[in-house]
Amino acid sequence: VNAGPLGAMRLIGGDREGYLHTLGLDKMRSNVNSIGVNVKHITLSRRPIHTDSITSLHFVEHSAKNSFLSSSLDNTIRLSDPELGVVTMDLAVGHEDYVRQVSVSNLHRIYVACGGETFATAGSLDHKQRTPFFLKDVRLPHVHNLVGVHAVPNTHQIITADSGGTMKLWDARQFQCVSTFQLPRGENVNAASIVGKSAAMKARSLGSMNVMNSFVYMNPRKSF
């Protein structure tokens, strides 16, 4: 779910069938009952943008009116106008099966995305590229599948995180990794400890190495 300047009190949401819903929040008060609000009563439009579940959604500033960026399990990243149901641009995708998450840097006019691999991709919001840029740290790469990616607003920073607890900070100007962080693993096993084990035991051991499945960036608090 995300919001943008679509007029008076509009909220945009994506569903499991690939539709974007425009909700009129100004209609909520008159449709509230004892158990909440029936979404059908405040839905202004429902437009097909993807053919499978929408995984993330962002409003794109300084763009064509009502422009939203969405990613999906159908392995597409699209710019669209959800009220009109018009896809304005299909963006380059460098993932094999699906797009797990997409994030927007309005400062650099780029998007960054991750799927089911150990790398992230990036591309321009202003023109279609045949292939995206790949965020790969050759010196110290992610070794587990990424669980999220985030372009920090109003900065040159991109953050990637994988299921093994490794987080990387990237420079959006050159798509170069500038720093790597590792979350504490606790009792999780390492790769050396599974040598010689059966396939089933290896699977259980490797599964226990997954210490993170998502993350969220919080803006620094301002002092009073």
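The model is predicted: local features need pLDDT of at least 70, side-chain atom pairs count only at pLDDT 80 or more, and totals for chains, interfaces and linings use all residues. Residues are numbered from 1 along each chain as its sequence is written, and side-chain values use heavy atoms, with hydrogens and water left out.

- Strands (E, at least two residues), like helices (H or I, at least four), are DSSP runs numbered from the N terminus.
- Strand β12 spans residues 120–124, and five of its five residues are buried, so the rest of the structure largely encloses it. Buried means under 20% relative accessible area, exposed means over 50%, and partly exposed lies in between (1.4 Å probe, protein chains only).
- Two strands pair if DSSP finds at least two bridges between them.
- Strand β11 (residues 110–114) runs antiparallel to β12, and five bridges join them.
- V112 has A122 in β12 as its bridge partner.
- A120 has L135 in β13 as its bridge partner.

**H50 in its loop**

- H50 sits in the loop between β5 (43–48) and β6.
- Its relative accessibility is 4%, so H50 counts as buried.
- Polar contacts are pairs of N or O atoms within 3.5 Å; within protein, one must be able to donate a hydrogen and the other to accept it, and residues adjacent in sequence count only if both atoms are side-chain atoms.
- The H50 side chain makes such a contact with the side chain of S70, at 2.7 Å.
- The side chains of H50 and D74 also make a polar contact, at 3.5 Å.
- Leaving out residues up to four places away in sequence, H50 touches E17, G18, S70, S71, S72, D74, T76 and R78. Contact here means heavy atoms within 4.5 Å.

**F59 in strand β6**

- F59 belongs to strand β6 (residues 54–59).
- F59 has 18% relative accessibility, so it counts as buried.
- F59 and V104 are 45 residues apart in sequence, while their C-alpha atoms are 8.3 Å apart in space.

**Salt bridges**

- A salt bridge puts a side-chain nitrogen of Lys or Arg within 4 Å of a carboxyl oxygen of Asp or Glu. By this rule there are six salt bridges.
- R78 and D90 form one through their side chains (2.5 Å, N to O). R78 lies in strand β8 (residues 77–81) and D90 in strand β9 (residues 86–91), so the pair ties together parts that are 12 residues apart in sequence.
- R78 is buried, at 18% relative accessible area. D90 is partly exposed, at 30%.
- D137 and K168 form another salt bridge (2.9 Å, N to O). This pair links distant parts of the chain, 31 residues apart: D137 is in the loop between β13 and β14 (146–151), and K168 is in strand β16 (residues 166–171).
- D137 counts as buried because its relative accessibility is 11%. K168 is buried too, at 1%.
- The side chains of D171 and R173 also meet in a salt bridge (3.0 Å, N to O). D171 counts as buried, at 12% relative accessibility.
- A network of salt bridges links D15, E17 and R46.
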